[in-house]
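User: Hi! Please walk me through this structure in plain words.
Analyst: Happy to, here it is.
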Amino acid sequence: MKIIEQNLNGEKFYQVKNFLNAKSKNDFISDIEYEIKNNLGPKPLYQTNHYLQNFPTGKKWHWQDLYERSLTTAETITGRKFRIDKSWANKITEESEFYLHTHSSDMSVVYYLHTIHPAYGTFIKMKDKELILLGVENSAMFFNGKIVHEIVFPPMDIVKHNPRYSIALDLYYD
């Protein structure tokens, strides 16, 4: 596993490409669709509740793989152990509503499950700088969630027929 480190405006961002077995993509999307249909989280629309880390991993090996790799990668980056506090999924459609926000966690992770183009990654705002972290499909981005960020919306005519899916994790030092 190759970790790509980027230092942007004094903050470090870490990307790992080919993060998971690409064959698990449809299993993740099926689980996310089920959660959105049956257990839709609070705003924003379409975001699941923040407890996906509690899926029964015996039957959901792809989730277990995501969580184990995320924790291992975070430990490799920092030299410290982490625990998962929250995990949720986002589906971007023409009806979705997301906004600039921060997290109180020690580290945030975004797994880009299905992206139409890498340009539709994560928008970052730091002081007077604005930039986009590329959302390469089947990659994970690790960063300080206290940095103001937001999902980059693909054009509405694209997501109408091809939604963007991502999974987020909030990690705290163990």
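Predicted model: local features only at pLDDT ≥ 70, side-chain atom pairs only at ≥ 80, totals over all residues.

User: Where does Asn18 sit?
Analyst: Asn18 is in the loop between β2 and α1. Those names come from DSSP runs numbered from the N terminus: helices are H or I with at least four residues, and strands are E with at least two. Asn18 also has a positive phi, near 50°, although this residue is not a glycine.

User: What about Asn9, which phi does that one take?
Analyst: Asn9 has a positive phi of about 55°, and Asn9 is not a glycine either. The loop between β1 and β2 holds Asn9, and the hairpin of these strands has two residues between them. With 36% relative accessibility, Asn9 counts as partly exposed.

User: How confident is the predictor overall?
Analyst: The chain has an average pLDDT of 89, and 95% of the residues score at least 70. pLDDT is the predictor's confidence in each residue, on a scale from 0 to 100. Confidence is highest in β7, at 97, and lowest in helix α3 (residues 156-159), with a mean of 85.

User: Switching to the sheets: in what order do the six strands come?
Analyst: The order is β1-β2-β7-β4-β9-β3, in an open sheet with antiparallel pairing. Two strands count as paired if DSSP finds at least two bridges between them. At the edges are β1 (3-8) and β3, each pairing on one side only.

User: How many bridges join β1 to β2?
Analyst: Six bridges join them, and the two strands run antiparallel. Across that pair, Gln6 has Phe13 in β2 as its bridge partner. Going on, β2 is joined to β7 by three bridges, again antiparallel, and Tyr14 stands opposite Phe142 in β7. Then β7 pairs with β4 over five bridges, in the antiparallel sense; here Tyr112 stands opposite Ser139 in β7.

User: Which strands make up the sheet of three?
Analyst: That open sheet runs β6-β5-β8, with antiparallel pairing. Its edge strands are β6 (129-133) and β8 (148-151). Strand β5 (residues 122-126) is joined to β8 by four bridges, and Phe123 has Glu150 in β8 as its bridge partner.

User: Back to the helices. Which strands does α2 lie across?
Analyst: α2 lies across β1, β2, β3, β4, β7 and β9, and runs at about 120° to β3. For such angles, axes are lines fitted to C-alpha atoms, for helices over the stretch in contact, and values run from 0 to 180 degrees between N-to-C directions.

User: Which residues of α2 are buried?
Analyst: Among them are His62, Trp63, Asp65, Leu66, Tyr67 and Ser70.

User: And which residues touch the most other members of the largest nonpolar core?
Analyst: Trp63, Leu66, Phe142 and Ile167 do, in a core of 29 residues. A nonpolar core is a set of buried Ala, Val, Leu, Ile, Met, Phe, Trp, Tyr and Cys residues joined through side-chain atoms within 4.5 Å. α2 gives the largest share of this core, five residues. Apart from it lies another core, of nine residues, including Val110 and Met126.

User: What is Ile167 in contact with, leaving aside its neighbours within four places in sequence?
Analyst: Its contacts include Phe28, Ile32, Trp63, Leu66 and Trp88. Contact means heavy atoms within 4.5 Å.

Conventions:
Residues numbered from 1 in each chain as written. Heavy atoms only, no water. Buried < 20%, exposed > 50% of the residue type's maximum accessible area, 1.4 Å probe, protein only.
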